[in-house]
Amino acid sequence: MCGIVAVTGYKKALPLLMNGLEKLEYRGYDSAGIAIVNSETKNITCNKAEGKLKNLIKNLNDKNMPGTVGIGHTRWATHGKPEIKNAHPHTNSSGTIAVVQNGIIENFQDLKNKLQKEGVIFNSDTDTEVIPHLIQRELNTLSKLNLDKNGSTLLVAVRNVISDLEGSYALAVLWADAPTSLVVARRQAPLIIGLGEGEFICASDTPAIANFTNIILPMEDEEIALLTPLGIEIYDSNNERQYRSPVSLKVSEQIMDKMNFKHYMLKEIYDQPETAKNWLKNYLIKDLENGQYQINYPFDTKFFESIERIEIIACGTSKHAAMVGKFLLEQFSGIPTNVFYASEFRYSPPPLLPNTLTIGVTQSGETADTIAAIDMEIKRRSSKEDKKFTPNLIAITNRKESSIGRQVLNIIDICAGIEVGVAATKTFFGQLLSFYGLAIKFAQIKGTQGSDEIDKLITELIKLPPLIEDLLEQHNESSEKLAHDFFNIKDVIFLGRGINYPIALEGALKLKEISYIHAAGYPAGEMKHGPIALLDKKVPVISIASPGQVFDKVISNAQEAKARDSFMIGIAPECNGTEIFDYLMKIPSSTEWVSPLLNIVPLQLLSYHIAAHRGLDVDQPRNLAKSVTVE
Ligand code: AGP
């Protein structure tokens with residue numbers, strides 16, 4: 001989604017802004033722009049371009065943009081098409097104020113109507129454009145008080161304006177009359193300040209900062225800050241000055257390297273053995289007294305004892321991980337569990353039940369719907385006096401420093417390292433592992449599984465890294481070849497049952513989001529209740545058939561599809577029954593419990609190779625964003 005970079009200091013702003021914007025490209029965008037203020041002439045120069053950053057760079061080649069203070073933006077269209085007029089920065093009528101914004105101003109139409117009645121002419125279809133005009137109006141009012149034209153005055157003006165805004169925003173503001181100052185503010189959208197050497201750089205995400213400094217100050221919700229080359233002033237929504245120490249960026253948050261891979265997505269699929277190793281190293285410890293393994297999550301798990309049910313809130317791929325989690329938590333640990341789309345939960349939450357654990361799952365830690373749903377749950381539970389309704393929260397994320405990291409105390413950090421590809425792969429894998437840990441923890445506490453069964457599962461998890469390495473080696477080339485045959489395919493059906501039904505959904509999501517081929521996942525037993533009507537020889541079926549309680553059923557469902565002439569691909573070990581598949585992507589034998597962790601790998605590879613073979617922008621698929629920071 002939209003990305004913001006803003007800089008003030010003693011170095012030339014242009015290269016710093018461009019470098020920052022490049023690092024935000026992975027979030028997904030469809031236009032970009034920058035504005036820099038020249039402190040000598042007190043002029044703001046803007047440059048914008050449709051499409052990728054290279055178009056903006058082309059525009060800039062013949063332009064001189066001196067100045068050490070500036071703002072930049074990558075825009076993912078919400079209000080108004082991805083055209084130059086809608087690209088940020090947006091300015092007031094005289095071009096003396098420039099604003100970049102991430103989020104949605106929900107009451108922009110009312111504000112716009114009022115401004116238009118006052119004679120303001122708008123040049124874009126965006127919600128953002130109301131902000132510079134409102135700031136101008138505010139500065140006009142403040143000028144009657146004879147305030148100096150400086151950063152502090154701009155701070156007051158922006159503060160007054162944001163108090164009238166409804167919705168979410170992260171924004172950065174330049175004012176030609178205070179040419180060394182920047183004002184930044186956030187509400188329900190991330191903003192991080194980096195403390196460099198001779199400059200402060202503020203951005204939506206750490207990669208844009210990591211090249212300059214590893215010392216950061218994440219802004220809290222509803223904060224506003226004034227940045228000048230001399231220092232930072234941060235204020236909360238009550239206008240209280242905030243003082244806190246900066247923190248260091250983790251090394252994993254600083255590395256964005258494709259190595260020798262053609263795309264980040266492929267590299268990240270190959271990172272999965274490392275993700276497994278990290279998880280095992282961080283969260284599995286052997287009790288030296290009794291030799292038993294324990295899950296070492298970094299919070300007190302005493303409250304687990306009173307938990308009677310679990311609700312999990314997530315979107316997209318994270319929801320698929322949550323569905324595997326539900327299966328494990330119910331079938332392995334015996335705890336009734338429900339999974340909700342965050343966007344649905346917000347507007348139709350289930351009636352409150354006591355002794356509930358709420359788990360938020362989000363790799364980015366910034367998904368607006370997930371953050372808002374968790375927030376709502378905290379509020380409605382906290383309003384009850386009965387202690388049984390106290391919010392018990394866990395977040396599973398790859399970005400501990402994100403919004404969810406500040407919202408929820410109990411964090412399972414999946415430590416997968418930055419995931420650049422928009423299509424989640426290694427973070428999905430890490431989320432799955434987090435749920436295995438929770439299931440083991442609950443089974444131990446509740447005594448729902450014998451220690452043999454628990455040990456067996458742990459032993460299988462320990463063996464994962466080499467198994468995944470083998471799977472990658474075995475399937476990379478073969479899925480590339482298969483991708484050639486699927487080049488022109490229009491529809492693909494994915495089938496799975498039980499613990500592998502979410503893997504069918506995830507396989508379908510991966511394929512459609514990066515290859516733009518229509519794909520749908522179904523519980524295999526549901527086919528005959530409708531979707532089977534779609535099948536013919538042009539519609540291949542990918543069937544996940546892991547030995548276990550539903551293996552025979554999945555094979556029968558696959559037979560039904562084969563009888564409709566579909567080309568059948570099996571994701572299964574080579575065993576009796578799998579000979580019905582026209583093509584078998586062989587999976588090593590395992591218990592049904594851990595099979596999702598193995599089955600997902602060839603599905604990720606196949607999607608990747610199909611998209612790469614079609615020559616598509618695998619890492620930044622059209623219309624998609626890595627962090628979905630708007631509702
Ligand atoms: C994953 O491949 C997708 N790009 C998308 O569905 C994603 O999982 C979803 O937007 C949720 O993101 P989150 O995990 O950062 O909350």
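Gln188 is partly exposed, its relative accessible area being 46%. That value falls in the middle class because exposed means over 50% and buried means under 20%. This is a predicted model, so please read the features below as features of a prediction.

Where does Gln188 lie? You will find Gln188 in the loop that runs between strand 8 (182–187) and strand 9 (192–195). Its phi is near 55°, which is a positive value in a residue other than glycine.

## Asn623, after helix 18

Asn623 also has a positive phi, near 65°, and is a residue other than glycine. To locate Asn623 in the structure, look in the segment after helix 18 (595–613).

Is Asn623 buried or exposed? With a relative accessible area of 60%, Asn623 is exposed, because the cut-off for that class is over 50%.

## The cis bond at Pro89

Next comes a feature of the backbone. The peptide bond joining His88 and Pro89 is cis, with omega at about 0°. Pro89 has its place in the loop between strand 4 (69–75) and strand 5 (90–91).

## A negative surface patch

Which residues form the negative surface patch? They are Glu106, Asp110, Asp164 and Glu166.

Glu106 sits in the loop between strand 6 (97–105) and helix 3 (108–117). Glu106 is exposed, and its relative accessible area is 53%.

How values were computed:
Residues are numbered from 1 along each chain as its sequence is written. This is a predicted model: local features need pLDDT of at least 70, side-chain atom pairs count only at pLDDT 80 or more; totals for chains, interfaces and linings use all residues. Side-chain values use heavy atoms; hydrogens and water are left out. Patches are made of residues with over 30% relative accessible area and no salt bridge: like charges are joined within 9 Å, nonpolar side chains (Val, Leu, Ile, Met, Phe, Trp, Tyr) within 5 Å. Accessible areas come from the Shrake-Rupley method with a 1.4 Å probe; for residues, only the protein chains shown count as cover. A salt bridge is a side-chain nitrogen of Lys or Arg within 4 Å of a carboxyl oxygen of Asp or Glu. Lys and Arg count as positive and Asp and Glu as negative; His and the chain ends are not counted. The place of a charge is taken as NZ of Lys, CZ of Arg, CG of Asp or CD of Glu. Helices (H or I, at least four residues) and strands (E, at least two) are DSSP runs, numbered from the N terminus. Buried means under 20% relative accessible area, exposed over 50%, partly exposed in between (1.4 Å probe, protein chains only).
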